[in-house]
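I opened my notebook to look up a few things in this structure, one entry at a time. Have the sequence and the 3D view beside you as you read along.

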Amino acid sequence: MRPLILGSAGSQPTPKAGCNCRLCTLAREEGGRALRTGPSFYLPAAGLLVDTPEESNLQLAQRALAPSRVAWTHAHPDHAAGMRVVQFLAQSSGRPVEGLVPRPLYPLLAQRYPLDHLIDAGYLELRLVPAGGALELEGLRLTPLAHETEEPVFAYVFEWEGGRGLYAPDHVRSLPVPSGDFDWVVVQMPIPPLEALPFELPAEHEAWDNFYTFEEVTGLWRGRTAQLVFTHIYESVGMTPEELDGVAKRAGDWVTFAHDGLEVGAEPSNSARLEAFLAEQARIRQAHADDPKRMRAEMRRLWEKHRRKG
Ligand SMILES: [Zn+2]
Ligand SMILES: [Zn+2]
């Protein structure tokens, strides 16, 4: 199983209680990809959940997931208010959950949420990561990256044998972009191209200071990651999943807007290669249907060519 976007919403879910906007109405009536719960991410290889939004218990229970570790990015409610899920996980497994917290984040997280209660009750075992430090989990190194923000905000770099991933769901404009190439990068959605936006965004709006534009962020990551996934998708932007697909398409198939339940880590270049392979295979099968020997030779040649490129 690949890493999973459990929740793809921005600071507020879609649909939102009491809201009758076009998007919330669509989500309520049709569900599907239009339904978005709070931002969170799951890495099955390490049994690691990143962030506990309000809907955390629902997100895990629906998919029968039981993480043994939880890390937090920052102390905003859409990332931490569902923290009590730790209690349910610990009760179900009979073991405390391992809580991975960058040291500078601990005081605020404990001040706003029942972190200390969970520790005192034996549901959570805290593992503080010193500033600039990293954690070694089974086959996976986890490095918190500090954003340049007043309040502590962290992104996470995951490194494993032969691969790297980045999860930076929020405040991404203040993240010092790490060097090196990635297999996948999951970041906060940018400001969509203005002609795609369903409303006017005045030039003096604060969004311009806090967000990348679509052009900026795709320019930043093009050629540096096999897959770029936008998450933290704002209800207030009011765009449907199909409209966001249309925006992603402008950059190419390496860019995707997330939805709840999206699996991350497919390599678009590889899947395009696989499609080309399958198409060529079908062509050979048809072209040499009456010459099995020739067909086998052509198939072998195709397979050799495919393997060399891989
Ligand atoms: Zn957020
Ligand atoms: Zn709404």
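My entries below go from the whole chain to single residues.

**Entry 1: the whole chain**

I noted at the start that this is a predicted model. I then looked up the helices and strands, and the chain has eleven helices and 14 strands. The C-alpha trace spans about 75 × 50 × 40 Å along its principal axes.

How does the radius of gyration fit a compact globule? For 310 residues such a globule would have a value near 19 Å, and the chain has 22 Å, which agrees. I also looked up burial, and 37% of the 310 residues count as buried. Among the contacts with a separation of 6 or more, 63% are between residues 24 or more positions apart.

The chain is divided into domain 1, residues 4–266, and domain 2, residues 271–309. I looked up the spacing of these two domains, and their centres, taken over C-alpha atoms, are separated by 41 Å.

**Entry 2: the two sides of H1**

Which residues of helix H1 are buried? In this helix, residues 22–30, I found Leu 23, Cys 24 and Ala 27. These three cover an arc of only 100 degrees around the axis, so they sit on the same side of H1.

After H1 comes Gly 31, with a positive phi near 60 degrees.

**Entry 3: the seven-stranded sheet**

I followed an open sheet of seven strands, and their order is S6-S5-S4-S3-S2-S1-S14, with mixed pairing. Strands S6 (124–129) and S14 (262–263) stand at its edges with a single partner strand each, so each has one side without a neighbour in the sheet.

Inside this order I picked one pair to look at. Strand S4 (residues 69–71) and strand S5 (residues 97–102) are parallel and share three bridges. Here Val 70 stands opposite Gly 99 in S5.

Is strand S12 mostly covered or mostly open? It is mostly covered: of the seven residues in S12 (residues 225–231), six are buried.

I looked up the strands that pair with S12. Strand S11 (residues 182–188) pairs with S12 in the parallel sense over six bridges, and Trp 184 stands opposite Gln 227 in S12. Strand S13 (residues 255–257) also runs parallel to S12, joined by three bridges. Thr 256 in S13 is the bridge partner of Val 229.

**Entry 4: the nonpolar core**

Next I looked up the largest nonpolar core, which has 65 residues. Which members touch the most others? They are Val 86, Tyr 156, Tyr 167, Val 185 and Val 186. S11 gives the most to this core, with five residues.

Leaving aside neighbours within four places in sequence, Tyr 167 is in contact with Phe 41, Val 50, Ala 155, Tyr 156 and Val 186.

A reminder first: most residues other than glycine have a negative phi, and most peptide bonds are trans.

I then found that the peptide bond from Thr 14 to Pro 15 is cis, with omega near -5 degrees. Pro 15 is in the loop between strand S1 (4–7) and H1.

Ala 64 is not a glycine, yet its phi is positive, about 55 degrees. I found Ala 64 in the loop between helix H2 (56–62) and S4. Ala 64 counts as exposed because it has 6 C-beta neighbours inside 10 Å.

His 232 is not a glycine either, and its phi is positive, about 55 degrees. This residue is in the loop between S12 and helix H9 (241–249). Is His 232 buried or exposed? With 24 C-beta neighbours inside 10 Å, His 232 counts as buried.

**Entry 5: one more loop**

I ended with Thr 213, in the loop between helix H7 (207–210) and helix H8 (214–221). Thr 213 has 15 C-beta neighbours inside 10 Å, so it counts as partly exposed. Not counting residues up to four places away in sequence, Thr 213 touches Pro 190 and Ile 191.

Conventions. Residues numbered from 1 in each chain as written. Chains lettered and ligands numbered in written order. Predicted model: local features only at pLDDT ≥ 70, side-chain atom pairs only at ≥ 80, totals over all residues. Buried ≥ 20, exposed ≤ 12 C-beta atoms within 10 Å, placed from the backbone. Helix = DSSP H or I, 4+ residues; strand = E, 2+ residues; numbered from the N terminus. Arc of directions from axis to C-beta. Domains from an automatic or database assignment. Pairing = 2+ DSSP bridges. Rg over C-alpha atoms; globule rule 2.2 N^0.38 Å. Contact = placed C-beta atoms within 7 Å. Core = buried A, V, L, I, M, F, W, Y, C linked by C-beta atoms within 7 Å.
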